[in-house]
Amino acid sequence: MNVILRWLFDLLQRFVRTLDWPLCAALFALMAIALAVLYSAGGENGMQLVYAQGARYAVGLAAMWVLSRVTPPRLRDATPLAYGITLVPLLLVLAIGTGRYGSHWIDLKLFYFQPSELLKLSLPMMAAWYLDRQLLPPRVGAVLATGVIIAVPTALVLLQPDFGTAMLVAISGAFVLFLAGLPWWWFAVAFGGVAGAAPVAWFWLLKPYQKDRILTFLDPESDPLGAGWNIIQSKIAIGSGGMGGQGWMQGSQSHLDYLPEHTTDFIFAVLAEEFGWIGVATVLALYLFVVGRCLWIAAEARDGYARLLAGSLGLAFFVYVIVNGGMVSGLLPVVGVPMPLLSYGGTAAVSLLAGLGVVMSVRNHRPIHG
């Protein structure tokens with residue numbers, strides 16, 4: 001009997017040895033909190049949403065485990081192919097996609113697939129693959145070539161149109177340049193160029209609903225029953241939570257249907273209303289731990305590609321949290337960015353967990369030097 005138990009233990013140990021357990025613990029805690037909040041926010045459909053999201057977590061965790069077992073050199077070799085494959089559905093979604101304000105998802109009958117989410121992994125991989133082959137800090141030619149790598153998928157996402165995801169995709173690529181040692185003045189010039197192009201975008205590129213979001217951000221009370229409704233109700237939900245919250249399943253804003261998109265983009269407001277500042281601080285601490293762990297793993301990496309990739313994925317995760325948190329609290333315009341692992345959604349959760357599997361691969365396959 002002892003022999004069998006020892007064999008089973010050794011088998012399990014070999015099965016999970018590539019996982020980074022401190023990082024896994026934080027992720028499991030976030031997913032457990034997310035399912036509890038989702039059950040409350042879903043009302044009568046709460047258990048159905050929990051089952052659906054739980055299944056998506058299972059797929060994401062499986063992808064995380066598989067990628068944690070792939071060595072960084074093999075990931076590097078597969079990067080150009082992975083990047084090219086993820087561009088194909090971006091073209092396909094423009095032809096057959098569906099969405100409230102454009103073509104964001106592909107209806108696969110069993111579930112909706114959002115191709116742009118895959119770029120949050122494949123784009124940093126491609127930028128890291130290219131820059132790892134260059135002299136660092138990158139010279140002008142390498143910076144411009146990396147800019148093309150970033151610009152092509154970003155432009156395809158903008159055509160959907162999905163400004164929020166396009167911004168996050170571009171930032172994930174920019175982080176690779178930052179970690180490669182690109183001087184700060186490059187980013188200052190890029191920011192100045194974006195600011196200078198803002199009038200052009202306002203008059204010729206932005207859709208009416210995107211302009212409404214910006215105007216609502218500046219003055220939500222100007223249209224409290226229309227464009228300003230979402231952010232006003234979100235701020236009421238956050239403020240009413242106080243220190244300890246109104247209690248699980250007791251959030252009035254979400255349960256009385258005042259808060260829109262309360263299972264997706266604005267689920268963080270439900271958390272704040274029901275669990276208060278204590279719940280918010282707990283979730284933010286878990287997010288910070290995930291980001292910090294990713295950056296620590298990147299710092300410990302001995303391989304340039306692995307270091308750039310793990311670091312950029314950790315910093316991008318941080319930006320996702322900041323953008324959604326700023327959006328629901330009225331500090332940033334509403335751009336339709338989900339809160340990582342907390343918001344209901346399949347492609348985002350799976351791609352995020354897959355990216356963290358890559359980070360675990362970097363941790364597990366570090367070359368040891370004597």
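This is a predicted model: local features need pLDDT of at least 70, side-chain atom pairs count only at pLDDT 80 or more; totals for chains, interfaces and linings use all residues.
## Salt bridges

Side chains of opposite charge can pair when their charged atoms come close. The structure holds five salt bridges. Three of them are set out below.

| Pair | Closest N to O distance | Places in the chain | Residues apart |
|---|---|---|---|
| R363 and D20 | 3.8 Å | helix α14; loop between α1 and α2 | 343 residues |
| R76 and D132 | 3.5 Å | helix α4; loop between α5 and α6 | 56 residues |

Start with R363 and D20. Their closest N and O atoms are 3.8 Å apart. The pair links distant parts of the chain, with R363 in helix α14 and D20 in the loop between α1 (2-16) and α2 (21-41). Are the two partners buried or exposed? R363 is partly exposed, with a relative accessible area of 24%. D20 is buried, at 5%. R293 joins in as well: D20, R293 and R363 are linked in a network of salt bridges.

Now turn to R76. This arginine sits in helix α4, which covers residues 72-96. R76 counts as buried, because its relative accessibility is 15% and the cut-off for buried is under 20%. D132 lies in the loop between α5 (119-131) and α6 (140-158). D132 is partly exposed at 28% relative accessibility. D303 is partly exposed too, at 23%.

## A threonine in helix α14

T347 is in helix α14, which spans residues 346-364. T347 is buried, with a relative accessible area of 12%. What does T347 touch, leaving aside residues up to four places away in sequence? The answer is Y112, F113, Q114 and E117. With Q114 there is a polar approach as well. A polar atom of the T347 side chain lies 3.2 Å from the backbone nitrogen of Q114.

## Two cysteines, no bond

How many disulfides does the structure hold? The count is zero. C24 is in no disulfide, and the nearest cysteine sulfur is that of C294, 11 Å away. C24 is buried at 0% relative accessibility, and C294 is buried at 1%.

## Spans from the record

An unreviewed UniProt entry lists several stretches under "transmembrane region", including residues 21-42, 80-99, 275-296 and 341-362. What does the model show over two of these spans? Residues 80-99 are 85% helix and 0% strand. The end C-alpha atoms of residues 80-99 are 29 Å apart. Residues 275-296 are 100% helix and 0% strand. Their end C-alpha atoms lie 30 Å apart.

How values were computed
Residues are numbered from 1 along each chain as its sequence is written. Side-chain values use heavy atoms; hydrogens and water are left out. Helices (H or I, at least four residues) and strands (E, at least two) are DSSP runs, numbered from the N terminus. Buried means under 20% relative accessible area, exposed over 50%, partly exposed in between (1.4 Å probe, protein chains only). A polar contact is a pair of N or O atoms within 3.5 Å; within protein, one must be able to donate a hydrogen and the other to accept it, and residues adjacent in sequence count only if both atoms are side-chain atoms. Contact means heavy atoms within 4.5 Å. A salt bridge is a side-chain nitrogen of Lys or Arg within 4 Å of a carboxyl oxygen of Asp or Glu. UniProt positions are given in the numbering used here, feature names are shortened, and annotations may be inferred rather than shown by experiment. A disulfide is a pair of cysteine sulfur atoms within 2.5 Å.
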